[in-house]
Amino acid sequence: MSTQPVLPAFAQPWEAPDDVRITRVRAIATAPEGIPLLVVKVETSDDGLYGLGCATFTQRWKAVAAYVEEHLARLVVGRYPGDIEDLIRLARFSSYWREGPVGNNAISGLDQALWDIAGKRAGRPVHELLGGKVRAAADTYLHAAGATVAETLDHAERLREQGLRHIRLQTGQAGTGHYGAPALPSTASDYAYADGWDVEEYLRRTPELFAAARDRLGPDIALLHDVHSRLTPKQAVVLARSLEAYRLFFLEDVVAPEHWDRLPEVRAASPVPLAVGELTTSLTDAARLVLGGGVDFIRSHISGIGGLTAARKIAAAAELVGVRTAWHAPGDTSPIGAAANVALDVTSPAFGIQEGHVYADAVHEVFPGTLRIERGWLRPHETPGWGIDLDETAAARYPAGLAGHDAWAARVRGRDGALIAP
Ligand code: MG
């Protein structure tokens, strides 16, 4: 008869340094701006010690919430919260299939919550646990958008007055619009689908936007543009070449993820820097982009690829091959995820730029401590962990729904009526 004690399947196979243990893992959904955000709260046996992580996959938040509470909790409750790398590998490998977005969003939330706990236990901000600052603040860009070129540039002027040095420009088009650039009515009469998007018109109009922007805003402001994955590789080359004279800081998501293998040829055909990666869904996916020679900026959703533990590896790989970071962070990233971005921004030599979002007052009410952009700069808190809390009573005042963002993602159709990849 064996005297070997039987180890519960997911117990740590080494001595924990103290008796703090994970006691509860919950997923909390809230939509203070109307966009469903999902936060993972990891509670511990240490009275009042908990961590928060962003698991936001706004189009499928209910599936992520179930993944967290039905699957991840049973793996990690009872474990020592300081074994972050082991817990994340356990969460990742235990599903066997592991590269999908739902699981990796759930794991991201768990991971960021464990880093928050680690910071709180150390009494230090997370960026210090990552090795400390290499810069004082993260330079950010915001989105300027409008129905017309003039409206877009009015918006850009207002952002410049607020201190922004980097601005993304988007103008409304027939058939598609986002982030304040409305979808315009089509003037064409011969479309099979009256509200269709016309790629040829887009390829013609976009250089006109940037020509007007350089005329009005001058040479000093850094300009960016997001294609939203709607071009073929050849069309991407046509667009990039037509924008060369306007010296973009980057051109984002020129092709859909299904065609990322073709990015190196697009990148080789034009000096316009390419930013790609908000649709990466795993560490592996993001690593292939960084190491594949097709991107100048990697912009994964840190709350989608496996959390800070995954993203810091991507930042390290980027540093080694001369790629820069531009982490995804519009309104479908919670303030916790935004803080994780900034922790990496100020600690990584590979930092390029940070996407910013000016959160509504309701978000500040739900997430006390939400970071604010000041004259274009983001700075992390110097308090333990993320320095950001979640007011659950306030969160409940803004219940998450199912109506919005998935409809947005599936809205664009061509002039013949065929769906076009977002
Ligand atoms: Mg984008």
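**View 1. Domain 1 and domain 2 have C-alpha centres 28 Å apart.** The model is predicted. The domain assignment of the protein chain places residues 8-124 in domain 1 and residues 129-384 in domain 2. Domain 1 gives 32 residues to the contact, and domain 2 gives 34 residues. Between them, the two domains bury about 2400 Å². Carbon and sulfur atoms account for 61% of that area.

**View 2. Helix H5 packs on helix H6 at an angle of about 45°.** H5 covers residues 149-161, and H6 covers residues 199-217. Their axes are 10 Å apart. The two helices are therefore oblique to each other. Their crossing is right-handed. From H5, the contact takes Val-149, Ala-150, Thr-152, Leu-153, Asp-154, Ala-156, Glu-157 and Arg-160. From H6 come Leu-209, Ala-212, Ala-213, Arg-216 and Leu-217. By class, the contact of H5 with H6 holds 8 nonpolar, 1 polar and 4 charged residues.

**View 3. Helix H9 packs on helix H10 at an angle of about 10°.** H9 runs through residues 283-291, and H10 through residues 308-321. The axes of H9 and H10 lie 10 Å apart. Angles under 35 degrees count as roughly parallel, so H9 and H10 are roughly parallel to each other. On the H9 side, the contact residues are Leu-283, Ala-286, Ala-287, Val-290 and Leu-291. On the H10 side, they are Ala-310, Lys-313, Ile-314, Ala-317, Ala-318 and Val-321. The contact of H9 with H10 comprises 10 nonpolar residues, no polar residues and 1 charged residue.

How values were computed:
Residues are numbered from 1 along each chain as its sequence is written. This is a predicted model: local features need pLDDT of at least 70, side-chain atom pairs count only at pLDDT 80 or more; totals for chains, interfaces and linings use all residues. Side-chain values use heavy atoms; hydrogens and water are left out. Axes are lines fitted to C-alpha atoms, for helices over the stretch in contact, and angles run from 0 to 180 degrees between N-to-C directions. Helices (H or I, at least four residues) and strands (E, at least two) are DSSP runs, numbered from the N terminus. Angles under 35 degrees count as roughly parallel, over 145 as roughly antiparallel, 65 to 115 as roughly perpendicular and the rest as oblique. A crossing is left-handed if the near helix is turned anticlockwise from the far one by less than a right angle, and right-handed if clockwise. Contact means heavy atoms within 4.5 Å. Ala, Val, Leu, Ile, Met, Phe, Trp, Tyr, Cys and Pro count as nonpolar, Asp, Glu, Lys and Arg as charged, and the others, Gly among them, as polar. Domain bounds come from an automatic or database domain assignment. Buried area is the accessible area (1.4 Å probe) that two parts lose on being put together, summed over both.
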